[in-house]
Amino acid sequence: MIKIEHLVKNYGTNCAVDDISFEVKKGEIVGLLGPNGAGKSTTMNILTGYLSATSGSVSIAGFNVLDNPMEAKKHIGYLPEQPPLYMDMTVEEYLIFNYNLKGCKLNRTKHLEEICDVVKIRDVYHRVIKNLSKGYRQRVGIAQALIGSPEVIIFDEPTVGLDPKQIIEVRNLLRNLGRDHTVILSTHILQEVQAVCDRIVIINKGKIVANELTENITRAVENTRRFQIKICGPQKEVLAMLRAKSGIVSAEVLSQRDGDAYTYTIESEVGVDIRKNLFYTLAEKNWPLIGMEALGMSLEDIFIAIVDQSSNKKKYERRSTKGRTKVEQEIAKNILEKTTAQDSDGFSALFDSDDNKKN
Amino acid sequence: MFAIYKKELRSYFINAIGYVYVGVFLAAAALMCCYTTLISKTYDTGTYFTMLLFSFIILIPLLTMKLFAEEKKLRTEQLLMTAPVSIWGMVLGKFFAAATLFVGTVLVSCINLFPLYVYANTERLSQDAQVFRIGPSTPEIISCVIGVILIGLAFISIGLFVSSLTENQLAAAVITVAIILVMLILGIVNEFIHVYAIRFVIDWISIASRFTNFTTGILDYSAILYYLSISGVFLLLTVRVYDKRRWG
């Protein structure tokens, strides 16, 4: 449905998008992720024909955006970062203007009513946009993108400025749209991507650093085991034992002290459950285990790790001992390597083999 | 294109700007008409139309200042540029909206000339003798109106172009005022220049000096072509501004 090939966009000497290629299939929801200034909005602007690429090509529904912009644009509904609203119009006038602008052929009253029901703006339909709250303005912006029921829908940060309930509504809406539309959305909110998207494309400094199915990344997150444990016993010996133990990637002691017990954080290897094993070992040594808590690893951590690694490896390694954990590092590295090598099965294979090991 | 045309025309009358423009235009035209014909006791309308041109210095920027500047400020140009409308469609939609309001007002302001016809009628009745010609010359008025409209359209396209360069409406208005002022004043400045070559060139460029033919009832084709080309060139430049921004 959408095909991007070797897209490059330079602003003067500044390279905003650097050789991006990816494809989006029909009915797929793809999340475009990246830190500020990574090139997400630029990519979207090029997709929609607002900007022209320096080189490379984009085709939407088989029409090249540069060679055949009119046809390509007919297949796109676009909500830019800042919803393009005419403040002095009422919602009704604005939607009718868009309906005419897009040369829509559907039954006007019925079509607009449907859209208003979908984004829930019925109650402000006759109000002037200037007087609407940010959430409603955002929804009017979304409504605008849906007019004409385009095959490709592109949203630039659609949930910004909405309240939590509205965010959930918009996510549900996006999921529903994904059934018969192709959706690309950009966002900073990682849960959103996880909740909505089939695939995640992470961009940093104009380059794609990861292009992965959401389930793979989620699985990677779930497979990680990080624990905070409390052990009574001599600190140095316990730490030495933990570090030496097979299946444990890293162990750190925290400064918290509770009587003669110390708190440690440990990380097990991906896919290895070390809890039982650890318990028996400690029992053998006569060091009572008085607390164990699993520390979840969030998508955020992986995202930050990926971005950090892709932007500056040395800087990342220096910081990693403090902040990031080794497993995150590992996952990020794998994703990065996979993307660079363009090896489609590398990442999944890694986890498949881990699963096998576990079984 | 039609959607944009409709939207622009409508927006003139949602904001006060359309009413201000029409009101000021009609009031100024009526006043000038009084002074140049009725009070000066003449049927010659040439001066009236020439003065009308000078009112465009203030009036045309009112029409054109917000056309693109506001879109850029509100970021709504993104909507127009990503809609299945060509850049030409967008520019022409806006141009024709301003042109419609302008031409409409000029035509309405022709009412001002009716008293002249009424006076001419009574004067003709009061004089027993067959006077050769009393009253305003209709062909002259028609050619003047055509000239005024063409010059106005040229100014509108200049204003449109300036508006596409900035996102500040005020800046757009001020620059447009300056350009129109210079274009009109060239003809007057010319009278103080004694070097023939310079005078010839300025005379050729000047919008006002080409208008003199119209005031005598001559439809000067070269002038018509000149005014139309100015419109065309500035519309083309506006399109180029948007084309270039894409590649920027």
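1. Which side chains of chain A and chain B meet in a salt bridge? They are those of Glu93(A) and Arg10(B), with 2.6 Å from N to O. The count of salt bridges between the two chains is one. Keep in mind that this is a predicted model.

2. Between chain A and chain B, 10 residue pairs are in polar contact, with both partners at pLDDT 80 or more. Three elements of chain A each supply at least two residues of the side that touches chain B: β1 (2-11), α2 (69-74) and α3 (91-101). Of the elements of chain A, α3(A) gives the most to that side, with six residues. By class, the residues on that side of chain A are 16 nonpolar, nine polar and six charged.

3. Now the extent of the interface. On chain A, 31 residues are in contact with chain B, and on chain B the partners number 25. The two chains bury about 2,600 Å² between them. Carbon and sulfur atoms carry 61% of that area. Three residues stand out on chain A: Tyr50(A), Tyr86(A) and Leu101(A). They supply 26% of the area that chain A buries against chain B, more than any other three residues.

4. Leu66(A) deserves a look in the viewer. It is found in the loop between β5 (63-64) and α2 of chain A.

5. Turn to chain B. Chain B has 11 helices and zero strands. Read along the sequence, its pattern is α-α-α-α-α-α-α-α-α-α-α. The C-alpha trace of chain B spans about 70 × 45 × 30 Å along its principal axes.

6. One helix pair in chain B can be followed residue by residue. Helix α1 (residues 2-14) and helix α3 (residues 46-74) of chain B have axes that come within 12 Å. At what angle do these axes cross? The angle is roughly 115°. The crossing of α1(B) past α3(B) is right-handed. From α1(B), the residues that meet the partner helix are Lys7(B), Glu8(B), Ser11(B) and Tyr12(B). From α3(B), they are Leu63(B), Lys66(B), Leu67(B) and Glu71(B). By class, this contact has three nonpolar, one polar and four charged residues.

7. Most residues other than glycine have a negative phi. His6(A) has a positive phi, near 45°, and is not a glycine. Lys41(B) is not a glycine either, and its phi is positive at about 55°. Where is Lys41(B) placed? Its place is in the loop between α2 (17-39) and α3 of chain B.

Key
Residues are numbered from 1 along each chain as its sequence is written. Chains are lettered from A and ligands numbered from 1 in the order in which they are written. Side-chain values use heavy atoms; hydrogens and water are left out. Axes are lines fitted to C-alpha atoms, for helices over the stretch in contact, and angles run from 0 to 180 degrees between N-to-C directions. Helices (H or I, at least four residues) and strands (E, at least two) are DSSP runs, numbered from the N terminus. A crossing is left-handed if the near helix is turned anticlockwise from the far one by less than a right angle, and right-handed if clockwise. Contact means heavy atoms within 4.5 Å. Ala, Val, Leu, Ile, Met, Phe, Trp, Tyr, Cys and Pro count as nonpolar, Asp, Glu, Lys and Arg as charged, and the others, Gly among them, as polar. Buried area is the accessible area (1.4 Å probe) that two parts lose on being put together, summed over both. A salt bridge is a side-chain nitrogen of Lys or Arg within 4 Å of a carboxyl oxygen of Asp or Glu. A polar contact is a pair of N or O atoms within 3.5 Å; within protein, one must be able to donate a hydrogen and the other to accept it, and residues adjacent in sequence count only if both atoms are side-chain atoms.
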